[in-house]
Amino acid sequence: MDLLRRFALGEADAFETLVRQFQGEIYAWIVRIVRDPGIAEDLTVETLWRIYRARHQFRLDGNFAAWARRIATNLALDHLRRKRPEQSVLAEPAGAPQPDRLLQRETREMIQQAFRRLPAKLQIAATLALVEEQPYDEIADALGTSVGAVKLRVFRAVRILRKHLNHLGVRT
Amino acid sequence: MTEHLRAEHEARQIREALQQAFPPVNTELRRDLCPAVLRKLEAHPVRVPWYDWVLIGLSTSVFLFFPQLIPVFAYHL
């Protein structure tokens with residue numbers, strides 16, 4: 001009996017094999033969205049747990065990785081919705097900052113701030129498409145929508161960001 | 001400049017700004033998460049929701065009191 005069938009039947013060994021096989025891929029997807037390794041690890045554990053709970057819903061002719069990515073994306077989306085917009089995720093290098101570096105940091109922080117003010121759905125689409133340059137069909141699959149809808153979300157994110165950045169006086 | 005070209009130019013500028021603001025993240029998993037997943041599974045065993053038990057109870061009662069419904073139900077399965 002193949003691995004996915006055994007997993008769907010609830011065999012613990014099969015699930016453990018799948019966890020070891022896919023945990024890296026799921027983590028990589030989540031960390032690209034949330035950009036924090038600790039949070040990404042927690043969300044990966046949560047995703048794998050939900051995968052086990054939803055094993056009866058998995059279609060044996062379906063793509064396990066794509067299904068897992070969709071569950072992971074929903075969890076990441078919930079996380080972004082809960083997260084406070086002013087939280088910063090950038091780690092700064094140690095030492096006293098130089099004036100031009102200070103200016104760069106200020107600009108970066110303003111861009112991040114403007115980005116965090118976007119609705120979570122737009123944030124995810126823009127992060128994956130513009131920052132991570134993931135294929136649109138993969139993003140659409142993970143968000144459970146069409147490629148056209150993802151493109152529209154990215155377009156809207158760009159427009160809103162442009163407006164926010166202009167308002168903050170940031171020239172890109 | 002047409003609207004389409006302007007939108008493309010704008011997207012390119014925003015993409016560059018975002019890539020500068022969000023440096024690349026390390027996508028390599030630092031540790032094996034399997035033990036944590038198994039611990040979570042043990043701590044939160046999968047339970048049958050209460051409404052499923054109610055549904056099972058109702059179905060059983062209906063079939064006990066009206067056994068003639070069993071073939072009708074079986075036909076529609």
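Reader: At what angle do helix 3 of chain A and helix 2 of chain B pack, and how far apart are their axes?

Author: This is a predicted model. In it, helix 3 (residues 37-53) of chain A and helix 2 of chain B pack at about 50°. Their axes are 9 Å apart.

Reader: Is that roughly parallel or oblique?

Author: Angles under 35 degrees count as roughly parallel, and 65 to 115 as roughly perpendicular. Helix 3 of chain A is therefore oblique to helix 2 of chain B.

Reader: Is the crossing left-handed or right-handed?

Author: Right-handed, as helix 3 of chain A passes helix 2 of chain B.

Reader: Which residues meet there?

Author: Helix 3 of chain A brings Val45(A), Leu48(A), Trp49(A) and Tyr52(A). Helix 2 of chain B answers with Ala36(B), Val37(B), Lys40(B) and Leu41(B). By class, this helix contact has seven nonpolar residues and one charged, with no polar ones.

Reader: Now the whole interface. How many residues does each chain give to the contact?

Author: Chain A gives 29 residues and chain B gives 24. On the chain B side, helix 1 (3-21) and helix 2 (34-43) each supply at least two residues. Helix 1 of chain B has the largest share, with twelve. The chain B side divides into 15 nonpolar, five charged and four polar residues.

Reader: What confidence does the predictor give?

Author: Take the complex, then the chain. The complex has an ipTM of 0.74 and a pTM of 0.78. Chain B has a mean pLDDT of 86, and 94% of its residues reach 70 or more.

Reader: Which element of chain B has the highest mean pLDDT, and which the lowest?

Author: Helix 2 of chain B has the highest, at 91. Helix 4 (residues 69-76) of chain B has the lowest, at 84.

Reader: Turn to chain A. Into which domains is chain A divided?

Author: Domain 1 spans 3-82 and domain 2 spans 99-168. Their C-alpha centres lie 24 Å apart.

Reader: How many residues does each domain of chain A put into the contact between them?

Author: Domain 1 of chain A puts in ten, and domain 2 of chain A eleven. On the domain 1 side, helix 2 (12-34) and helix 4 (64-82) of chain A each supply at least two residues.

Reader: How do the residues on the domain 1 side divide by class?

Author: The side of domain 1 of chain A that touches domain 2 has five nonpolar, four charged and one polar.

Key:
Residues numbered from 1 in each chain as written. Chains lettered and ligands numbered in written order. Predicted model: local features only at pLDDT ≥ 70, side-chain atom pairs only at ≥ 80, totals over all residues. Contact = placed C-beta atoms within 7 Å. Helix = DSSP H or I, 4+ residues; strand = E, 2+ residues; numbered from the N terminus. Nonpolar A, V, L, I, M, F, W, Y, C, P; charged D, E, K, R; others polar. pLDDT = per-residue confidence, 0-100. Axes fitted to C-alpha atoms, helices over the stretch in contact; angles between N-to-C directions. Parallel < 35°, antiparallel > 145°, perpendicular 65-115°, else oblique. Left-handed = near helix turned anticlockwise from the far one by under 90°. Domains from an automatic or database assignment.
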